[in-house]
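Please keep the sequence and the coordinates in view while reading.

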Amino acid sequence: VSNSGEHHSERESCCGYLVSLIFGCFLSLLQLTGVLDDCFCDVESIDVFNNFKLYPRIKKLTEKDYFRYYRVNLKRPCPFWPDDGHCAIKDCHVEPCPERVSVCLQYSQAANTVSDMTECEQAKELGAINSTLSNQSKQAFADWARHDDAQDNFCELDDETSPDSEYVDLLLNPERFTGYKGPSAWRVWNSIYEENCFKPRSVYRPLNPLAPSRGLCLEKRVFYRLISGLHTSINIHLCAEYLLDEGWGRSVWGPNVQEFRQRFDTAETKGEGTRRLKNLYFLYLIELRALYKVAPYFERAFINLYTGNSQEDGATKDLLLQVFNEIRAFPMHFDEKSMFAGHKIEAKTLKEEFRLHFKNISRIMDCVGCSKCRLWGKLQTQGLGTALKILFSEREIQNLPEHSPSKGFQLTRQEIVALLNGFSRLSTSIHQLHHFRLLLKDNR
């Protein structure tokens, strides 16, 4: 039997059915099942594909040197309202947090409780960026910059030219709960939903998307679902990496089931939680499609992921190509050709409106008052922006010249790092959802 290809196929089909059935049981706890709107794909298929095939590879890929370092400017002022400083806790929204963290930590260790710290001081510590970099890494970054600058038609992002831009080690600065909340955090998301999103008129609460979007065309509906999906993904990360305990020089991070329930449980959110989660899956499909479409760009021989270590660079590209091979095997990709397909002038106008709305949202990320939240907000927004650039670029991607780097579609190092890390965050969210389902099942 083991030598029979036919029996192998039957066994794999049976195993796939059982896995889908198990996931379906867990999904039903959140009423998160079935086909997603605006595409022909179901939640269960995405779960099996992501958690068993793609997530392990994408996680390993983003731990490689090329992808773990992201260059970003965290000092750009908010262009829309006066800067609140880097603390959004009550009574700290005007002045920056006081420089008394070390004293406060000593006091906290003696008391063995987080509650003895002021909220503002706690948030400053948890939201601080770990900027530790070795001299060897700094020298490598200089080499990377020289290599990138030598490429023909290499378009640098504004942040890259700023003296305030610096490399950040993403592995030393994981995305998790920092205590950032209150009016400043609310204002950021409120501005995104109320002022820069194609919001259905029936939705009044910016943190309560997505009501049935009757009356919106496909393009505007898609845009709104992308922003809601990004918001959902970020909230899942914060729930999964929540500060559960702190004291005596240690911090304990882990899943906060109650926080997850408040944001996504069907009963507690009156059905909104399920829509939010479905928007996450929809966003996952959009970025998955972008990776599928951009694969030929990376398959060309001269495209390398340069860090100066040729052996490591080769291994990184091999792993990236493995990721693309898995993505090609997924049978239910989103069809971006259904968008901007109407009358030429109207479609062009809508596409430009789409682009400007998203550009505004990316600028709002400079208004986030927590450095670590700002870091991950900017990265994930740029990752989605890069995915949209790939999907709707007027330049040819599928039939790029094999030996001519100076012609056609181009991506910068920063865009590549943001694209893969941004998608990795979505993949991680769906993987973390499975663990929350298990925890919810145990708590029933």
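A residue is called buried when its relative accessible area is under 20%, exposed when that value is over 50%, and partly exposed in between, as computed with a 1.4 Å probe on protein chains only. Helices (H or I, at least four residues) and strands (E, at least two) are DSSP runs, numbered from the N terminus. The structure is a predicted model, in which local features need pLDDT of at least 70, side-chain atom pairs count only at pLDDT 80 or more, and totals for chains, interfaces and linings use all residues. Residues are numbered from 1 along each chain as its sequence is written, and side-chain values use heavy atoms, with hydrogens and water left out.

Confidence is expressed as pLDDT, the predictor's confidence in each residue, from 0 to 100. The protein has a mean pLDDT of 76, with 70% of its residues at 70 or more. Confidence is highest in helix 3 (residues 65–68), at a mean of 96, and lowest in helix 4 (residues 101–111), at 31. Two segments stay under 50: residues 1–28, with 26 contacts (heavy atoms within 4.5 Å) beyond four places in sequence, and residues 202–213, with 35 such contacts. Where pLDDT is low, the predicted coordinates should not be read in detail.

Helix 2 spans residues 43–61 and bends by about 55° at Leu54, with a proline, Pro56, following within four residues. The bend is the angle between axes fitted to the seven residues ending at a position and the seven starting there. Buried residues of helix 2 include Val43, Ile46, Val48, Phe49, Leu54, Tyr55, Ile58 and Leu61. At the start of this helix, a side-chain oxygen of Asp42 comes to within 3.3 Å of the backbone nitrogen of Glu44, and Glu44 is itself buried.

Which cysteines form a disulfide? A disulfide is a pair of cysteine sulfur atoms within 2.5 Å, and the structure holds one. Cys78 and Cys367 form it, with their sulfur atoms 1.9 Å apart. The pair links distant parts of the chain, 289 residues apart: Cys78 lies in the loop between strand 1 (69–72) and helix 4, and Cys367 in the loop between helix 13 (344–364) and helix 14 (371–392). The link is right-handed, with 75° about the S-S bond, and both of its cysteines are buried.

The unreviewed UniProt entry lists Cys370 and Cys373 under "active site"; such annotations may be inferred rather than shown by experiment, and their positions are given in the numbering used here, with feature names shortened. Cys370 lies in the loop between helix 13 and helix 14 and counts as buried because its relative accessibility is 5%. Cys373 is in helix 14 and, at 22%, counts as partly exposed. Leaving aside neighbours within four places in sequence, Cys370 is in contact with Gly127, Thr178 and Tyr180, while Cys373 is in contact with Thr178, Tyr180 and Val368.

Thr178 lies in the loop between strand 2 (166–169) and helix 8 (183–195) and is buried, with a relative accessible area of 2%. His231, in helix 9 (residues 218–240), counts as buried at 8% relative accessibility.

How values were computed: Polar contact = N/O pair within 3.5 Å; in protein donor to acceptor, adjacent residues only side chain to side chain.
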